[in-house]
Amino acid sequence: MLKPDKFTELNRSVIYAVALLIKVFKENSYKCSYGKLYNALEKQIGDDTLYLFLPAVDFLFLLGKVDYDIESDVLELKI
């Protein structure tokens, strides 16, 4: 698990990645495909996307804020 400490840059943290994902969801009517989310996050934070994307999505799932719609193959943000 990624744990923040006093040396962690806020722009390279899971919480920042979650905030960016929520912004992308809002721009796309609260529904977005996995690939589109990944690409949007990659544009914002670059190479760290590889390490931050899955923990950020998992964090939203654990909070119960994201559902996966099997029929349309998209992630859906609950309001």
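Predicted model: local features only at pLDDT ≥ 70, side-chain atom pairs only at ≥ 80, totals over all residues.
Helix 3 comprises 14 residues, running from residue 49 to residue 62. The buried residues of helix 3 are T49, L52, F53, A56, V57 and L60. Viewed down the axis of helix 3, these buried residues fall within an arc of 125°, and they therefore line one face of the helix. The face turned away from this buried side carries the exposed residues L50, Y51 and L62.

The cover over the buried residues of helix 3 includes both helices and strands. Among the covering elements are helix 1 (14-27) and helix 2 (34-45), together with strand 2 (66-69) and strand 3 (74-77). Helix 3 is followed by G64, and the phi angle of G64 is positive, near 75°.

Charged side chains were examined next. Side chains of opposite charge can pair when their charged atoms come close. The model contains three salt bridges by the rule applied. R12 takes part in a salt bridge with E9, in which the closest N and O atoms are 4.0 Å apart. R12 also meets D48 in a salt bridge, with an N to O distance of 2.7 Å. R12 lies in the segment before helix 1, whereas D48 lies in the loop between helix 2 and helix 3, so this pair ties together parts that are 36 residues apart in sequence. With a relative accessible area of 42%, R12 is partly exposed. D48 is likewise partly exposed, its relative accessible area being 22%; this value lies above the limit of 20% under which a residue counts as buried.

A further salt bridge is formed by D67 and K78, with the closest N and O atoms 3.2 Å apart. This pair links distant parts of the chain, as D67 belongs to strand 2 and K78 to the segment after strand 3, eleven residues apart. D67 has a relative accessibility of 34% and counts as partly exposed. K78 is also partly exposed, with a relative accessible area of 41%. Strand 2, in which D67 lies, is one of the elements that cover the buried residues of helix 3.

Definitions and conventions
Residues numbered from 1 in each chain as written. Heavy atoms only, no water. Helix = DSSP H or I, 4+ residues; strand = E, 2+ residues; numbered from the N terminus. Expected span 1.5 Å × (residues − 1). Buried < 20%, exposed > 50% of the residue type's maximum accessible area, 1.4 Å probe, protein only. Arc of directions from axis to C-beta. Contact = heavy atoms within 4.5 Å. Salt bridge = Lys/Arg side-chain N within 4 Å of Asp/Glu carboxyl O.
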